[in-house]
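Hi everyone, thanks for making time.

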2 protein chains.
Amino acid sequence: MSLEKTIYIGPFVHCESLNELDVCPNGMFGVDEDGKIAFISRDMKGRPLPAHQGWENAKVVRIQDYGFFFPGFIDTHIHASQYPNAGVFGKSTLLDWLNTYTFPLESSFTDLDKAARIYNRVVARTLSQGTTTACYYATVHVAATNLLADICQSRGQRAFVGRVCMDRLSPDYYQDESVESAIRDSQACIDHVKKIDPYFDLVSPIITPRFAPSCSDEALAALGKLHHTTGVPCQTHISENKAEIQLVRELFPKSQSYTHVYDRAGLLTPKMILAHAVHLTKEERTLIKNRQAKISHCPASNTALTSGTAKVRTMLDEGLTVGLGTDVSGGYTSSMLAETREAIFVSRHVAMTDGDETKLSVAEALYLATRGGAKVVGLEDRIGGFEVGMDWDAQMISFGDGVGDKLGLDQSAGLVEIFGGESWEDKVAKWVYTGDDRNTKAVWVKGRLVHSQGNFKP
Amino acid sequence: MSLEKTIYIGPFVHCESLNELDVCPNGMFGVDEDGKIAFISRDMKGRPLPAHQGWENAKVVRIQDYGFFFPGFIDTHIHASQYPNAGVFGKSTLLDWLNTYTFPLESSFTDLDKAARIYNRVVARTLSQGTTTACYYATVHVAATNLLADICQSRGQRAFVGRVCMDRLSPDYYQDESVESAIRDSQACIDHVKKIDPYFDLVSPIITPRFAPSCSDEALAALGKLHHTTGVPCQTHISENKAEIQLVRELFPKSQSYTHVYDRAGLLTPKMILAHAVHLTKEERTLIKNRQAKISHCPASNTALTSGTAKVRTMLDEGLTVGLGTDVSGGYTSSMLAETREAIFVSRHVAMTDGDETKLSVAEALYLATRGGAKVVGLEDRIGGFEVGMDWDAQMISFGDGVGDKLGLDQSAGLVEIFGGESWEDKVAKWVYTGDDRNTKAVWVKGRLVHSQGNFKP
């Protein structure tokens, strides 16, 4: 699909490195017919549009009011099928939460009308919240999983879509019948995505053993083999909850640790995304680092289900690659902006015992939500920041027209209030702490406009 | 001011006791000319309006779509003057945060135009978030503090408005000149409120020593005397941060504890609101209980500033009275709904070390935000729940028209998605976890409509 060449003009903010926020108050991007950033100018203040050859007739999109362009968020762990349960978990913890809330809902995805309704909602909603890339868990069902892939493709969200594999310790009414059927069904979902997106350009399949307790040794080994023969990436859960870790110890007596279970199955590779990683030992972290597997940190979920506090600073210091995941519906929110705030807050709780140096700054948490996530999904050369040659996966952030100056509230402009005199760092902090989807005016993936708010037409 | 008699029809939810949520799917309230609840009916399903004598011509307000009436929130601790800094605190902790962010902003309230702009915003914003009662800290300035009282009065928010007293350990440019001037200025603010609201019916003054470190022994004693002679309530901070507690130990060598400092000054009474109470000892809690002083729990702030986790379950079990406070701008949000979520989340972090029984449920956190807060401000007979004879301080909560059923997003309806089949408890949990000001369609205080959204006219 060829796009209209477009020049985007206005302030932009992105993460230069883990702790450096790059703010450009007078920026300009040229985005070409393939949705790639062709050029970047950093000083457009008061100047006429430069006459880039071949760009004279390009469309122009400007930040009209207080706001900036920011890279799209990358949600490295979200259960699309659990979206209707967001916020509903009571006082449960992981293992009873699965049986009480999760399996009954997921098992209902044999109903494709219901699946269509829920999957359309979650893709539309997360796009409206600036999530340009999502790593989705679907359910065990082939048809519904393929439908999710179709919806991502048609709505234009970059996605990894995983059929969930689980052949034991699950309810009778909801599990794979056998290792063979698990592999056959996973292959069917891979084949479907190949058909709709042959080069996995926007949508990619992802091999998805639910987590070690719900997979037999044989299933894990077969999925490891599938991973190696197809080259398709993997995602799973690890070390979320202490009772779960004890269960893994009992179920896999031959493995030294939870991490070793995946390693023995050939699943611990650079293309594996491990969600949670709350209680990893030093030895496990070293193994993960050596295998170059990736970590999806899910702070909202880990707090909601009382799982624990992942030691993000330690993982970063040791050289692990970390991104953020909303983990809907263990996490209550589908918003990566809220998740960014939760990452900062969990780091404060870690700091209460482990010391101030473990705190994540606003810039660091935003890095995890963008550049970090890009590395987790193996697309750091294409998304997560603004560089020439990268894809235009971006959101237009707006604070309205300086709401703090007026007496009347415009609730549609959101809750961020700019009173004047705020530094750029303050504005970004206000967005992270008090912003929501109302501040995301428009969203692009690979240069395509995939969401805009209300009547706003960029 | 006489109001139009009004009948409110629709589901309602309020807290019966700490852990009982009372849900009435088919309710009706009659609210009289004084804004008081005259009658409640619990079974209106499919019936014609009963002909209560004298109510035949009353105005009728109905919940039109998915939603319910809920008591207004009571924010027991919020710094109105710090509102422009919401979300801006970096990695600071209490004592450096005060010097870096807070004192420079507060000191600027000599500028009454600026004060008017900020105070109008914070009152309008918190009303739009369902806060019908707020315990405000203003600044040391008499004129600006009186302006805040005027704004609360004219916008119709029930409020306790405190001129901040601080005569030492504060910047030269921002403190009371002497004990005498502190008392004189505090008295001037009390006199002003007496003039605009003689019986403190909507707006009340509140004596406000900032916190022990910034008040001399003499100032505290004089404020204690003012408290006893005027009967005006008090508010202050206590035991928020470990460095602060150490400082209090050094500054008040004669006092056994932080709590004893206030007790010696005659400030520890049933009309004292103590914010934070993060690190209280058992002995201090017992003294607070014996004196019947009240606690304002500020979870968002305590996490943001890495102050610690207040042990709410312990305080409740010991019989202390606890409400919630946003503590803007130590807290990032002016929303009591967000604060309710934060209270649940902080209780999860407490549970990670102290055990599952310390967890707060959704119902319990909502109790703290309503009934608990009412007790904290001494108005439990008038607000915090729906009972005949109580004031109609209420919010109309709406989830739109069943957004989960549709493909298109109506962002103005907010983020709560009802897919059908949710229990009432699930709906309330979804509101707490995924709701925001967009779900608060209208707000009443003492029967007066003080906020309604956009073009909505109840």
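Helices here are DSSP runs of H or I with at least four residues, strands are runs of E with at least two, and both are numbered from the N terminus. This is a predicted model, where local features need pLDDT of at least 70 and side-chain atom pairs count only at pLDDT 80 or more, while totals for chains, interfaces and linings use all residues. Residues are numbered from 1 along each chain as its sequence is written, and side-chain values use heavy atoms, with hydrogens and water left out.

So, how many residues meet between the chains? In contact, meaning heavy atoms within 4.5 Å, are 64 residues of chain A and 64 of chain B. The buried area, that is, the accessible area (1.4 Å probe) lost on putting the two together, summed over both, is about 5,300 Å², and carbon and sulfur atoms give 57% of that.

Next, charges. With a side-chain nitrogen of Lys or Arg within 4 Å of a carboxyl oxygen of Asp or Glu as the rule, ten salt bridges cross the interface of chain A and chain B. One of them pairs Arg438(B) with Asp437(A), closest N and O atoms 2.7 Å apart.

Now to our lysine. Lys91(A) sits in the loop between β6 (73–79) and α1 (94–106) of chain A. Lys91(A) counts as partly exposed because its relative accessibility is 39%, between the 20% below which a residue is buried and the 50% above which it is exposed (1.4 Å probe, protein chains only). Beyond neighbours within four places in sequence, Lys91(A) touches Arg313(B), Arg348(B), Lys359(B), Leu360(B), Ser361(B) and Glu364(B).

How values were computed:
Chains are lettered from A and ligands numbered from 1 in the order in which they are written.
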